[in-house]
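Please look through the structure below before reading on, and keep it in view while the report moves from one region to the next.

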Amino acid sequence: MKHYFERLLLTFPLLMMSLMGCESIEPIPIEKIPITETRPSDPSPSLTDPAFLEALEEATYREINQYRLSKNLPSLNLNPQITQQARIHSERMAAGIIPVGHEDLEQRLKIISFTTPHEKGVENLATHQDSYDPVKATMKQWLNNAKNLKNIEGKYDATGIGVAQNSRGEYYFTQIFIKEKSSIITRSPELDNSLEPWKNSEPLLEKAGQDSQFLIALEQEINRRVNQYRLSKNLPPLTMNAEISYVARQHSQDMASKQATFSHDGFDNRAKSVGKSIPYKSFAENLAYIKGYPDLADVAVKGWINSPGHRKNMEGNFNLTGIGIAKNPEGEYYFTQLFLLQR
């Protein structure tokens, strides 16, 4: 198998970023470009500012909890893993990839269960073009619908909210409610020997100590920004997969701990590892190394967009992805994103 590599190193005072040329099962010729600083292209005018959508999600969360408290119900905890699945569903509906509905809800709940074991999960949806007060319009729909109201008032512990908007100005809201499962299981050697380690990936995250939740949130933010970019190109968003993320996280951990060099070494093994449980037609990988930048997700994704080989993977014919990020004591962040087209 023939592979093509490109390495880009940008250095500034106290700042460092490096992109490792993408890797793919199907070799991708990568154009050689000068090692210079480049300015990112302006975002598509049809793409709503992610910060605005996040603000709508937070406002909806506050409104839901205020309503629950008015009914003497406990507030819900906002869960980033649940929010990530809600966002993907809203983005897919906004892009017209799927109709408005609860399609693949069981799959979303299954993915959520990898990090948040639960007894039950339900979902509320809303769509409208009320640009004056999108949150109020959504709450009005939900509170006036018996099924949605039942979910809002239900015995749930955690929630996640995702909002998307398309070029026609239509808003799509998804809220997932979860009743968490009480766990009496403590760490044991048997868990670490699981045949399905991605369902018990905490050992990898424990290496990050108190940064673990930040790294999880950063992985989700990378996925969201990559999907925002794909949607701006009229491409379907990628579904985050816990199994693939576990393999990606292992490689990032190995690079961060210097057990592996910053490279695609072991790429074929990673592909085989994923392929044992997820048959695929094609498989690719993007890497990045960053130190000293405040907005890590922005630097990583814009760096990939500005690199022809990495951008080709981002725009590729894939439907699943996994993202793993690791940080070492020197403050170096290592990013691995795997792309997969499932059979």
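Which helices and strands do the buried residues of H4 pack against? In this predicted model, the buried residues of H4 pack against helix H1 (50-70), strand E4 (118-128), helix H5 (146-152) and E6. Helix H4 itself covers residues 134-143, and its buried residues are Pro134, Val135, Ala137, Thr138, Met139 and Trp142. An α-helix has 3.6 residues a turn, so residues three or four places apart point the same way.

A pair of helices comes next. Two packed helices are described by the angle between their axes and the distance between the axes. For helix H8 (residues 212-232) and helix H11 (residues 296-305), the axes come within 9 Å and cross at roughly 40°, and the crossing is right-handed. On the side of H8 the contact is formed by Phe214, Leu218, Glu221, Ile222, Arg225, Val226 and Tyr229, while H11 contributes Leu296, Ala297, Asp298, Ala300, Val301, Trp304 and Ile305. Of the residues in this contact, 11 are nonpolar and three are charged, whereas none is polar.

In soluble globular proteins, nonpolar side chains tend to be buried together. The largest nonpolar core of this model holds 26 residues, and Leu218, Ile222, Ile290, Met314, Ile325, Tyr333 and Phe335 have the most contacts inside it. At least two residues of this core come from each of H8, strand E8 (280-291), H11, strand E9 (320-327) and strand E10 (333-342), and H11 gives the most, with seven residues. Leaving out residues up to four places away in sequence, Ile222 touches Ala297, Ala300, Val301, Trp304, Ile323, Ile325, Phe335 and Gln337. There is also a second, separate core of 19 residues, which includes Ile152, Tyr156, Tyr171 and Phe173.

Two loop residues may now be considered in turn. Glu170 lies in the loop between strand E5 (158-165) and strand E6 (171-180). Is Glu170 buried or exposed? Glu170 counts as buried because its relative accessible area is 18%, which is under the 20% cut-off.

| Side chain | Partner side chain | Distance |
|---|---|---|
| Glu170 | Asn166 | 2.7 Å |
| Glu170 | Arg168 | 3.2 Å |

Apart from neighbours within four places in sequence, Glu170 is in contact with His128, Gln129, Ala164 and Gln165.

Ala95, in turn, is found in the loop between helix H2 (80-94) and helix H3 (105-115), and with a relative accessibility of 42% it counts as partly exposed. Although Ala95 and Ser167 are 72 residues apart in sequence, their C-alpha atoms are 8.9 Å apart in space.

Notes. Residues are numbered from 1 along each chain as its sequence is written. This is a predicted model: local features need pLDDT of at least 70, side-chain atom pairs count only at pLDDT 80 or more; totals for chains, interfaces and linings use all residues. Side-chain values use heavy atoms; hydrogens and water are left out. Axes are lines fitted to C-alpha atoms, for helices over the stretch in contact, and angles run from 0 to 180 degrees between N-to-C directions. Helices (H or I, at least four residues) and strands (E, at least two) are DSSP runs, numbered from the N terminus. A crossing is left-handed if the near helix is turned anticlockwise from the far one by less than a right angle, and right-handed if clockwise. Contact means heavy atoms within 4.5 Å. Ala, Val, Leu, Ile, Met, Phe, Trp, Tyr, Cys and Pro count as nonpolar, Asp, Glu, Lys and Arg as charged, and the others, Gly among them, as polar. Buried means under 20% relative accessible area, exposed over 50%, partly exposed in between (1.4 Å probe, protein chains only). A polar contact is a pair of N or O atoms within 3.5 Å; within protein, one must be able to donate a hydrogen and the other to accept it, and residues adjacent in sequence count only if both atoms are side-chain atoms. A nonpolar core is a set of buried Ala, Val, Leu, Ile, Met, Phe, Trp, Tyr and Cys residues joined through side-chain atoms within 4.5 Å.
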